[in-house]
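Here are a few exercises to work through with the model open beside you. Try each task before you read its solution.

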Amino acid sequence: MTAENPDPAAPGPLPDDARPAPAGPSSSGSGVRRPSLGRGSVAMSLGTAASRASGLVRSMLLVACVGAVGTVADAFDIGNKLPNVLFALISAGVLQAVLIPQILRAMNAENARERLDKLLSLSGLGLLLLTAVLVVAAPLIVWAYTTSDAWSDDARHLATVFAYWCIPQVFFYGLYMLLGQVLNARGRFGAYGVAPVANNVVSVLGFGAFLLVWGTAPDRGITDLSTWTTPMTVLLAGTATLGIAAQALVLVVALRRSGFAWRFRLGVRGIGLRAAGNVVGWTLGAVVLEQLGVLFLTNVLGRGARAVEATGEVAAGNMAYTQAMTIYLLPHSLVIVSIVTVLFPRMTAAVQAGNLPAVRADMSLGLRSAGIFSVISAAVLFVLARPLTGALLPSLSAAEVDAIAPILRAMSLGLVALGATVLVRRMYFAFEDGRGLFLIQIAATVTLVAALAVAVAVLPEQWWAVAGGGAFALSTWVSLLLRLRGMNRKLHGMDGGRVLRLYVRAALAAVVAGVLGWGVVLLMDGGAASWPHAVLMTAAGGLVMVAAYLGMLKLLRVRELDDALAPILRRLRRGAR
């Protein structure tokens, strides 16, 4: 989408050349750059598309190695998920709330190079020390995620060994985020989107070697731990960590090629952390609350899966939930994250310059751009959940597809809220309002835990994972509504009427598209008994839904659609020449 206002009569974003530049010069030429949303988001989306395409291959091979259900699959999921959880808990909150705004501020300072060197050096050293502590604490951390007696000692030990190998990813995740934000602030969006391809390539090679040596997991997963060996653990978990390291290394190279050579310097004077320090406690508190909800969810999933496994049935547990989440995040990652990544640096610069009209304009633009894609994405995931799961994870048995698809359908109910809340959450960081995030997170976590607790009390174990997906969707909506209310006060209005009209019209178009897509699924019998059948059904249903959605948007005169397609069409025309 271009940054120009498509409707001159309505309030909206200003053209890029009409926006005031961020305050403060940069002697080193490292100032925050302000590319248009269309150019930046397309560049980011192309890189992310390559990343997600290779990531799907990675997921296919991983599921082939350990299955989507079973004790080994769930143990690996916990060990490999811990770096993500721990990074969010200890590092991500501080990085996004404190360090990233300081990086953007430093790039517009007189001594930009020195301040950036100190920020990156201090952050990297802190991440390294924290990672070492977390590795030592691995047994205690794993125990917290496997408290149920349904986990045997052997299964818990296997999850701990996986954690020892995987927790070092925390350092490389942190390095990736830090360097990525510097690149984004310099207007280099492609590398940040493409870097995960390196992770996926390493993983494909490692998981492929695993399959060559030990073959695929049985249809119902691996529950007999006596068949699992140490070399299997080393290759599987070692590959996962090596891939994240490669992902970070790509950004080190990209940063040097952009003209920025990171020099290790220690020191805290003059880098702005003292002024930002008051937001750290609130932000960490919000992240702790969020991860407590994840902790409760993980324990419920593990307990339910082990109970169902004892009866000899296929059980959706942690790995099944993770695979559903991977599919759920595909449209979000491909388009919406790209929009947010491009808008956030310039919105933060506008906040720091006190230019609230520019922030309001970009917020409206971001919410409407996200809505165009998230509404139809939610409809597609809901209607095509089963064939889409079978198409993207071809090694799954029919029983495993049946276990994952309902979770995906439940999650899809929250996708529209997720797309909007990511942008609004970032703006709380830009305003350095950790307290507001903390208070909102209380409500979101209570919603998730309460909804899941009720489900556990009234539903049989085989439905707990589906209930987890629904509880996640509900908590996302609660979080969004509260964050919008708070941000509306900060910005003295958010162009709410225009944004709401866009979402209502998009929802109406998605309903029509969903009915037609459901008809395609019924006509094709909905069985997805084989991988070719699943692919064909997904392609047919998806094409019908997208075509109907675009047609309805045109009929309803949704002008944001033209802006969203404009940069893509321009690139296609250039390619045709």
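This is a predicted model: local features need pLDDT of at least 70, side-chain atom pairs count only at pLDDT 80 or more; totals for chains, interfaces and linings use all residues.

**Exercise 1.** Describe how the axes of H14 and H20 are arranged.

*Solution.* Take H14 as residues 385–392 and H20 as residues 531–555. Their axes come within 8 Å and cross at roughly 125 degrees. H14 is therefore oblique to H20, because that angle falls between the perpendicular range of 65 to 115 and the antiparallel limit of 145. To finish, assign the hand: H14 passes H20 in a left-handed crossing.

**Exercise 2.** Is alanine 548 buried or exposed, and what does alanine 548 touch?

*Solution.* First place the residue: alanine 548 lies in helix H20. Its relative accessibility is 15%, so alanine 548 counts as buried, the cut-off being under 20%. Next, leave out residues up to four places away in sequence; alanine 548 then touches Ala513 and Leu516. For alanine 513, the separation from alanine 548 is 35 residues in sequence, yet 5.1 Å in space, C-alpha to C-alpha.

**Exercise 3.** Which elements have the lowest and the highest mean pLDDT?

*Solution.* Begin with the whole protein: its mean pLDDT is 80, and 78% of its residues reach 70 or more. Among the elements, helix H10 (residues 273–276) is lowest at 52, and helix H5 (residues 153–166) is highest at 94. Finally, check residues 1–38, where the pLDDT is below 50; this stretch still has 105 contacts in the model beyond near neighbours in sequence.

Conventions:
Residues are numbered from 1 along each chain as its sequence is written. Side-chain values use heavy atoms; hydrogens and water are left out. Axes are lines fitted to C-alpha atoms, for helices over the stretch in contact, and angles run from 0 to 180 degrees between N-to-C directions. Helices (H or I, at least four residues) and strands (E, at least two) are DSSP runs, numbered from the N terminus. Angles under 35 degrees count as roughly parallel, over 145 as roughly antiparallel, 65 to 115 as roughly perpendicular and the rest as oblique. A crossing is left-handed if the near helix is turned anticlockwise from the far one by less than a right angle, and right-handed if clockwise. pLDDT is the predictor's confidence in each residue, from 0 to 100. Contact means heavy atoms within 4.5 Å. Buried means under 20% relative accessible area, exposed over 50%, partly exposed in between (1.4 Å probe, protein chains only).
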